[in-house]
Protein chains: 2
Amino acid sequence: MSVYIAPQQDTIFVLDQLVELDKLAAQYALDDVSLELAEVIVQEAGKLATDVLSPLNTAGDKHGTALVDKQVQQSPGYKEAYQQYVDNGWATLTGPTEFGGQGLPNVLGTAINELWHSANMAFALCPMLSQGAVEALTAHGSPELQELYLHKLISGEWTGTMNLTEPNAGSDLAAIACKAKPEGDHYRIRGQKIYITWGDHQMTSNIVHLVLARLPDAPAGVKGISLFVVPKYLLSDEGEPTELNDARCISLEHKLGIHASPTCTMSFGDNDGAIGYLIGEPNKGLSYMFTMMNHARQSVGLQGLSISERAYQQARQFAKDRTQGTTKDGQKIAIIDYPDVRRMLMAMKSGCEAMRALSLCAAADIDKHHHGDLDAKARVEFYTPIVKGWMTELSQELTSLNIQIHGGMGFVEETGAAQHFRDARILTIYEGTTGIQALDLVGRKTLNDDANALKQLLNEVSNTVSQLSTSTDTTLNQITPRLNRALQKATAVKDWLLAQGKADRQMAANVSVDYLMMMGYLCGGWLMAKSALRAVELSGQNNLNNEANTYSEDFLTAKQGTSHFYAEYYLPRVHQHADTVLSGLSSTFSLDTDQL
Amino acid sequence: MSVYIAPQQDTIFVLDQLVELDKLAAQYALDDVSLELAEVIVQEAGKLATDVLSPLNTAGDKHGTALVDKQVQQSPGYKEAYQQYVDNGWATLTGPTEFGGQGLPNVLGTAINELWHSANMAFALCPMLSQGAVEALTAHGSPELQELYLHKLISGEWTGTMNLTEPNAGSDLAAIACKAKPEGDHYRIRGQKIYITWGDHQMTSNIVHLVLARLPDAPAGVKGISLFVVPKYLLSDEGEPTELNDARCISLEHKLGIHASPTCTMSFGDNDGAIGYLIGEPNKGLSYMFTMMNHARQSVGLQGLSISERAYQQARQFAKDRTQGTTKDGQKIAIIDYPDVRRMLMAMKSGCEAMRALSLCAAADIDKHHHGDLDAKARVEFYTPIVKGWMTELSQELTSLNIQIHGGMGFVEETGAAQHFRDARILTIYEGTTGIQALDLVGRKTLNDDANALKQLLNEVSNTVSQLSTSTDTTLNQITPRLNRALQKATAVKDWLLAQGKADRQMAANVSVDYLMMMGYLCGGWLMAKSALRAVELSGQNNLNNEANTYSEDFLTAKQGTSHFYAEYYLPRVHQHADTVLSGLSSTFSLDTDQL
C-alpha cells in the first residue's frame, strides 16, 4: 500500500500564480478567501486524505461492496471515514451559506476535491455525487424542496445520487423510458436505472435520489424529460426520514475498478410506485442537467489528475527503493537513475502539473461566471470538454506508466499499482465518453461559436509566447519556440475547422477526438510555459531580495524542469493530433460495415 | 462472451504478398510448404481456436488457478483442451523432424500461434514456453538430453518452462543467485525463481524446467550463469517419469490478468537439492538464452497482435449490435455508424493489420536466417525489439479502445472486454520491458551497428515510396506523400542518432522508447502501404482477367481503406516520436531525485 501526500506546494503555486486567487477574492469581495486560507485548508484536508481515506483505498478494492437483505453494505471502515469527513465540515465547503454551507469558491473546492480523489477515488465519488444534487436543487428546486433537502445534503448528513442512465439510454438520453405519474403534490415514479453510483449504502440516515423520468403527456425525445427528487426514506412533516420509499437497489455491478463504490441497478416502483417530487418545471430535466454539467464533467476530469498523481507518488517511491544493476564500484543502482525510468516519472510529474494547472484555471472560471463574467462563461464552456476528455485520457497513460515502472510487480495485484490503473479506466466513459466530449467541443463549442472561444484561447497562448520571447533565460528559450510552433499548428487547425469542418460536419466528427486531444496538450503546454515564466521571475526575486520566498528554490527550478520536459515530450503530440485533424480522416468510412 | 474467428484472409494475404511464402519455399527447397498448405492449417487451427480454446477464455479468467496440496490445479476444461491440441498435432508444427516435429517454417508457426493467443492467451502461454524449451535443447543440449526430452516436449506429452527471474534479479540477470552444485553426472539446484509461467499444472505427466543457476566456481555477473534441465519428475532409464524431483511451486501470484495461466514461485532444493542436468557448457547460460531471445520476444510481440485482434472482433460485434439514437425517420442507429466509433474500429483494424504484416515478415526473416541468410539475420536483430516493444505497446491502446466502444458496459467484467485489457497489460513487461527493448534497439542494434540495419530498412521504405510514386491510383496518392514525409523524418532521426546519440549515450537512452515507437509506426506504415500497392494491383488483375481471384474485391478495397486510414491516423505519430527524439529529451535529468 502506498502513502499519499497532498502536493500542497504545487496546488498553492497554481492558485497563486495562475489562478491569482487573491485578485479573484478582491474582485468579487470574497472577504474570507485568501491564499493563506487555501494553505490552511489544503493542509488540513491533506491530513484526512493521508491518515484516513488513503489507507482504506486498498482494503476497499479488495473487499468491495455487497447487496445483503436488499441493502448495500459498503466496505468496512467507510462509514466511520465518511462520518469523520462530515464532522470535520468538509462536505459544507462550497455549499451556499443560507443552507449551512461555507460558500467558498469552486476553485478551492476543486483544489480540495483533488485530494479526496487521490486518496480514495471510490470513496470520494459519494460526496461528488452529493455536490451534484446540491447544485441541481440550489439552482432549480422550489423553496420547500430546498428547505427540506439542502441543509442535510450540504452538511453531509444525507448523500445524493444522479439517476440518468437506463439499459437502452446511455449516451442517448432521448431514449429515457422511466415514467412519472402525478398524484396530488407528488408523483409516482416507475422504471429502472443502471450504473447508479453510491445508489445505496448504510453510511447516512437517508439518500436523496435525483431521477430523470417522463410525465404521461411528455413529448418524445429530450424535450420530454423531467427531474425528480426521490428520497430513499420518505420524510415526516418535520423533515425526518420515516418509512422506506418504493425505490431500491436490486443488483450491483462487478466492475473492473472502483470496487468500493457501489454501482447500483435501481428499481423505482416495484410496488406502489416510488414517491417523487418535481424539481422546477415539467420537461426541463435535461436543461437542468446541462446547468450542472460543466461542474460534473470538470469533476471527472479532476479525477483523472487525482488518480495520476496517486500513481505518480507510488511510482516515484518504488523507483527510489528498487535497485537493479550495480555501478563499477559495486554500488547498487536505484532504478530512478535509469534514463527510461526517469523519463516515465517526468512524464507523470509534468503531466500531473499541467492537469492541475488546467483544472484549477477552469474551476476558477466557473466562479467568475457565477459572479457574472461572460467571458469566463465562454471559457468554461470551451474548457469543460477538454478538462473532462483530455485529462481522463491522459490518466490512462499515466496510471499505466506506474505499472510499467513496477515491472512484473506492477502486474501483481498485491502491489496496488494495478488498482489505480483499473480505477482510472472508468473516467473516459462516465459523465459522457471522450467521444461525446469531443463532439461537444467541435460542434457546440467551436463550429457553432464560429471558433470565437478558440480564437480567444489562442490569443492568450500567443500573449504568453510574446512574454516568453523577451526572456534571456536558457530554459525558457528552449520552451518558447516549441510552444510557438504548437500555437501555429493549432491556428492552422482552427482555420481548417472553420473552412472544411464547417462545410462537412461528418468530417469534423471524424477528427473530433484528435482535435480535443490537441487542445488538451496545447492548454497544458501553455500553462506549463506560463508556470515556468513565473518560476523564473520568482527565482530571480529570491536571489535579489535574499529573503524567504513562499516557494523554495528547489520547487522553482523543478517547475522549470518539468515545463521544459513537457515542451520536449508532450508538445509534439499537438502536431500529431493536428496532422490527423488536417487529414480530415477522410478514410474513416472507406469501408462498408461488412468490410470491417 | 465473444466469438473469435481466425482472420484467415488477411493472414494468407500477408503470407502471399508480403512474405512471399511460395518464393521462400522454393528458395530453401521446403517441398511441403506452400500457400495452399498455409490455408489448410490456418483453417484447421481456426476451428480449434473458435470451438475449443476461445470458449474457455472467460471461464478461465473467472476461475483462475489454485495451489492445492502442493500441486497447481489449472482451470476446468484446460486439460482436455490441451489434450485435443496435442492430439491434433499442433504442438509438433515447427519442431525438428528428427524428434517427431513437422519441421514447418517459423513463419507458419507464427501465423498459427496468432490464433492460439487470440483465442486464449492464458492457455497459449503454455505451449509457447514449451517451444522455448525445445529451441534451447535443440540448439545446445547434448544428444543424450535431446533424446530424453525433445520427443515428448515436441509431441506435447510434456510441457516446458523458463526459470530466469528471482526476487532481486528482474531486468538485471547478473544478479541471479540460484546455485548448482556438481554431483556425479548431474547437479543439485538450490534457489527460488519467481514469475514462472505454467510452472506447475496437471495437464501432462511431466514438466521440463529450464533453470538459470550458478556453479560454485562461476565468475560473478552474467558470465557465470549456466543453464540446466530440471524435470518435475525424475526419469527412469527408459525415460519415463518416476519420483518427484525436489522442485515445486510454493505460491501463485494474484495477477491483474491472464488468470488461467499459473504464475508460480518455484522453490528448487528445499530438501536434498533438485537434480538438474547441465545444458551445453558451464557459464554459457546467458548466451544460450540470447539465441532463443529473438523468437521468444517476437512471440510476445505476436501476443500484442493476438489480443488486439480479439478485442477488435468483440468491439466490432458490439458496435453492430448496440443502438443509440434514432434517425429522423425513426430508425435506430447502430453505433458503428457514428464517426468516432468508426474511427476507433478503423484504428483497431488497421493497427492489427500492420502488426500482422510486421510480425509475419519478421518471423520469415528468422527462417531465412536459419537457412544462412546473413542479411536476414541483421533484419531479425533489428526487427525483434520493434516487434516486441511496439506491438505490445499498441495493444494497450487497442484493447482499451474495445472498452471505450462498449461504454459503461466495457467497465463491467461480465462483458469480457475488460479481460482483454487486463490480459494485455503484462505484454509490455515480460520477456524484457519496453525500456529494455528500446535500449537494445538504440544501443546494440543501431549505434553499435553504425545504423547499418536501420539504413537498410529505410532503403526498403524508400523503394516502396518510389513504387508508390508511379501509381495513378487516388488512394495510393493519398498514402505516398505521408509515407515519404515519415521516411524523411526517420532519416533525420538516423542522422541525429549517429551524431548526437553516438556522442552522448545517455541522451540516446533518454529517447530510446520514442525511437522504438517511431520505428514501429514507420514499419507498420511501410508494410500497410506495400499492402495497398499489392491490393491495387490485384484488384486491377481481377478486373482485367475477369476470373476468380484468391482475394475478394471487398477484401482488396478494404485493404486500401485501412492502409489509407493508417497513413492518416498513425503516420503522424512517426513525427511526434521523432520530434521528441530530436529534442534529445535534454530535460530528463533536469530534476534531482529529491525534486521529483
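**Exercise 1. At what angle do the axes of helix H4 and helix H12 of chain B cross, and within what distance do they come?**

The model is predicted: local features need pLDDT of at least 70, side-chain atom pairs count only at pLDDT 80 or more, and totals for chains, interfaces and linings use all residues. Residues are numbered from 1 along each chain as its sequence is written, chains are lettered from A and ligands numbered from 1 in the order in which they are written, and side-chain values use heavy atoms, without hydrogens and water.

Step 1. Locate the helices (DSSP runs of H or I, at least four residues, numbered from the N terminus). H4(B) covers residues 55–63 and H12(B) covers residues 417–424.

Step 2. Read the geometry. Axes are lines fitted to C-alpha atoms over the stretch in contact, with angles from 0 to 180 degrees between N-to-C directions. These two come within 11 Å and cross at roughly 70°.

Step 3. Classify the angle. Roughly perpendicular spans 65 to 115 degrees, so H4(B) and H12(B) are roughly perpendicular to each other.

Step 4. List the contacts (heavy atoms within 4.5 Å). Asn57(B), Thr58(B) and Asp61(B) of H4(B) meet Gln419(B), His420(B) and Arg422(B) of H12(B). By class, this contact has no nonpolar, 4 polar and 2 charged residues.

**Exercise 2. Describe the contact between chain A and chain B.**

Step 1. Count residues. Chain A gives 82 residues and chain B gives 82 residues.

Step 2. Take the buried area (accessible area, 1.4 Å probe, lost by two parts on being put together, summed over both). The value is about 7,100 Å², with 60% from carbon and sulfur atoms.

Step 3. Count the polar contacts (N or O atoms within 3.5 Å; within protein, one able to donate a hydrogen and the other to accept it; residues adjacent in sequence count only if both atoms are side-chain atoms). There are 42 residue pairs, both at pLDDT 80 or more.

Step 4. Find the main contributor. On the side of chain A that touches chain B, helix H19 (residues 553–569) of chain A gives the most, with 9 residues.

**Exercise 3. Which atoms meet in the salt bridge of Arg379(A) and Asp365(A), and at what distance?**

Step 1. Apply the rule: a side-chain nitrogen of Lys or Arg within 4 Å of a carboxyl oxygen of Asp or Glu.

Step 2. Read the pair. The side chains meet N to O at 2.8 Å.

Step 3. Place the residues. Arg379(A) lies in helix H11 and Asp365(A) in helix H10, so the pair ties together parts 14 residues apart in sequence.

Key: Angles under 35 degrees count as roughly parallel, over 145 as roughly antiparallel, 65 to 115 as roughly perpendicular and the rest as oblique. Ala, Val, Leu, Ile, Met, Phe, Trp, Tyr, Cys and Pro count as nonpolar, Asp, Glu, Lys and Arg as charged, and the others, Gly among them, as polar.
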